[in-house]
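These are my notebook entries on a single model. I looked up backbone details first, then helix packing, cores and selected residues.

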Amino acid sequence: MNGLFLLILAAGKGTRFKSTLPKVLHQVSGKTLIEWVLEAARPLGPQTVCLVVGHESDQIKAHLDKAGVEFVEQVPQLGTGHALQVAKPLWSAHQGDLLVLSGDVPLITTRTLQTLLEVHRQGGASATLLSARLADPTGYGRVVRNKNGEVERIVEQKDASPEEIRLNEINAGIYCFNSEDLVQVIGGLSADNAQGEYYLTDCIDLLRQNGRRVMARVADDPQEMKGVNSRAELAEAGQLLRQRKLQELMAEGVTVLDPASTYVDQTVSIGADTILYPNVFLEGRTSVGSHCRIYPNARISHSTLADHVTVLDSSVITESEIGSGSQIGPFAHLKQHSSVGSRARIGNFVEVKNTQIGDQTKAAHLSYLGDAEIGRDVNIGAGTITCNYDGVRKHKTVIEDNVFVGSDSQLIAPIVVRRGAYIAAGSTISQEVPEDALAIARAHQLIKQHWAKRRRESYRKE
């Protein structure tokens, strides 16, 4: 079968992570490492995508259950060359190109992979590897070229001569192979080395020995080659990905006042003329419209904000929708399955959960609105609570349009407050309130004249 076969090596344990989670499932900037690699390679149009898995393979398979990939188990893990050997029954059936990637290079871009593939096809080589030139190549395998500029071999630093050590071109561990040529040499790999492993790099020597041509494409940005092998390197990759994302946003008209303290996942979209203040976190499937202002210490996750929304300091919004022109915060908390209409206000220390709030409704202070449906032009006074939980089940509160709820009111769900009604401050409402009615539900106030004076006088006598 002709076409491109994509093979991703993802069997490693990631020992330095000291984690029960497979290395490639650790997240950075909103995606797992393996998702970054897959999304960079998908636009190349591979006919088949195959992952070589090993350590905690069930977790990887479950995570990528709907990703349209095939899996090959590498047990035990005996090196990169061994990974290709165990996957050979799949890729050897393809008569086209085999692209080999590692599952821990989240910075790699589609453009770089496309260029590598084009160079490989135009050059007619049996193998084309991606390389990089580093100011300090210490610790990396060096790429040794012949006088024609073709790759002669890859030499590890410990095996390099003084002249080879001075070379600054390193092997990035990303390869394009002609599948038919690779079939001829993959069985010739040897584990006769200090690690007792089969190295993919040895295929380069074997191809050269067979008189085949091997080329290298130098990456324009060496940072794309960075693998992630520890939590420190994960943090470094996250910083670089955030920089890349913020640069894209600023080029599209978003103001980022302090990029060093602003965290925006790759999956987030933001409209022009929006301003992000320092220490803002925008995560997951979040969409922010144009002309919005997100003030310091706000965290918005998997939510949608329309145009001209203001999120004031220290607010948290999760899995919610905010209509145009609305204001949230400061210190507001919108939890899952909540929506706020246009030109509404959710203010200081208001918590909203599983609640729909209509246009121009205001809950300005110190309220809990849970499992409720609130209409438009409603005023929710300070200290209002929808008492939604009876200890077993959640119940719904319905407040229709143009209702005024006085401060320090409790609404015992399930309950309906009809359109235009007033609820007096300090009321505990447990029955339906009719349209345009006034509901007062307070304890009777008792006044005992001069009681306080007599009490103070009795203390003095003691």
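Entry 1: I located Pro76 in the loop between strand 5 (70-73) and helix 3. For the numbering of elements I took helices (H or I, at least four residues) and strands (E, at least two) as DSSP runs, counted from the N terminus. The bond joining Val75 and Pro76 is a cis peptide, with omega about -5°. I noted a cis peptide bond from Ala413 to Pro414 too, where omega is near 5°. Pro414 sits in the loop between strand 37 (410-412) and strand 38.

I record that this is a predicted model, in which local features need pLDDT of at least 70 and side-chain atom pairs count only at pLDDT 80 or more, while totals for chains, interfaces and linings use all residues. Residues are numbered from 1 along each chain as its sequence is written, and side-chain values use heavy atoms, with hydrogens and water left out.

**Entry 2: positive phi.** I looked up Ser314, whose phi is near 60°, a positive value in a residue other than glycine. Ser314 belongs to the loop between strand 21 (310-311) and strand 22. Its relative accessible area is 23%, so Ser314 is partly exposed (buried means under 20% relative accessible area, exposed over 50%, partly exposed in between, with a 1.4 Å probe and protein chains only). Gln360, in the loop between strand 29 (356-357) and strand 30 (362-365), also has a positive phi near 60°. I found Gln360 partly exposed, at 26% relative accessibility.

**Entry 3: helix 3.** Which residues of helix 3 are buried? I list Gly81, His82, Ala83, Leu84, Ala87 and Trp91. Their cover includes strand 1, strand 4 (48-53), strand 5, strand 6 (97-102), strand 10 (169-178) and helix 6.

Two packed helices are described by the angle between their axes and the distance between the axes. Helix 3 (residues 80-91) packs with helix 6 (residues 179-186) at about 125°, and their axes are 11 Å apart. Axes are lines fitted to C-alpha atoms, for helices over the stretch in contact, and angles run from 0 to 180 degrees between N-to-C directions. The two helices, helix 3 and helix 6, are therefore oblique to each other; angles under 35 degrees count as roughly parallel, over 145 as roughly antiparallel, 65 to 115 as roughly perpendicular and the rest as oblique.

On the helix 3 side, the contact (heavy atoms within 4.5 Å) is made by Gly81, Leu84, Gln85, Lys88 and Trp91, and on the helix 6 side by Ser179, Leu182, Val183 and Ile186. By class, I noted 5 nonpolar, 3 polar and 1 charged residues in the contact of helix 3 with helix 6. Here Ala, Val, Leu, Ile, Met, Phe, Trp, Tyr, Cys and Pro count as nonpolar, Asp, Glu, Lys and Arg as charged, and the others, Gly among them, as polar.

**Entry 4: helix 6 and helix 7.** Helix 6 also packs with helix 7 (residues 202-209), at an angle of about 100° and with axes 9 Å apart. Helix 6 and helix 7 are therefore roughly perpendicular to each other. Asp181, Leu182, Val185 and Ile186 of helix 6 meet Cys203, Leu206 and Leu207 of helix 7. This contact of helix 6 with helix 7 has 6 nonpolar, no polar and 1 charged residues.

**Entry 5: nonpolar cores.** Which members of the largest nonpolar core touch the most other members? Among its 46 residues these are Ile270, Leu282 and Ile346. A nonpolar core is a set of buried Ala, Val, Leu, Ile, Met, Phe, Trp, Tyr and Cys residues joined through side-chain atoms within 4.5 Å. Helix 8 (231-251), strand 32 (372-374) and strand 38 (415-417) each supply at least two residues of this core. Another core, of 34 residues, lies apart from it and includes Ile8, Val69, Ile108 and Ala132.

**Entry 6: single residues.** Is Ser326 buried or exposed? At 1% relative accessibility, Ser326 counts as buried. Ser326 lies in the loop between strand 23 (320-322) and strand 24 (327-328). Leaving out residues up to four places away in sequence, Ser326 touches His308, Val309, Thr310, Val340, Gly341, Ser342, Arg343 and Ala344. Thr318, in strand 22 (residues 316-318), is buried at 14% relative accessibility.
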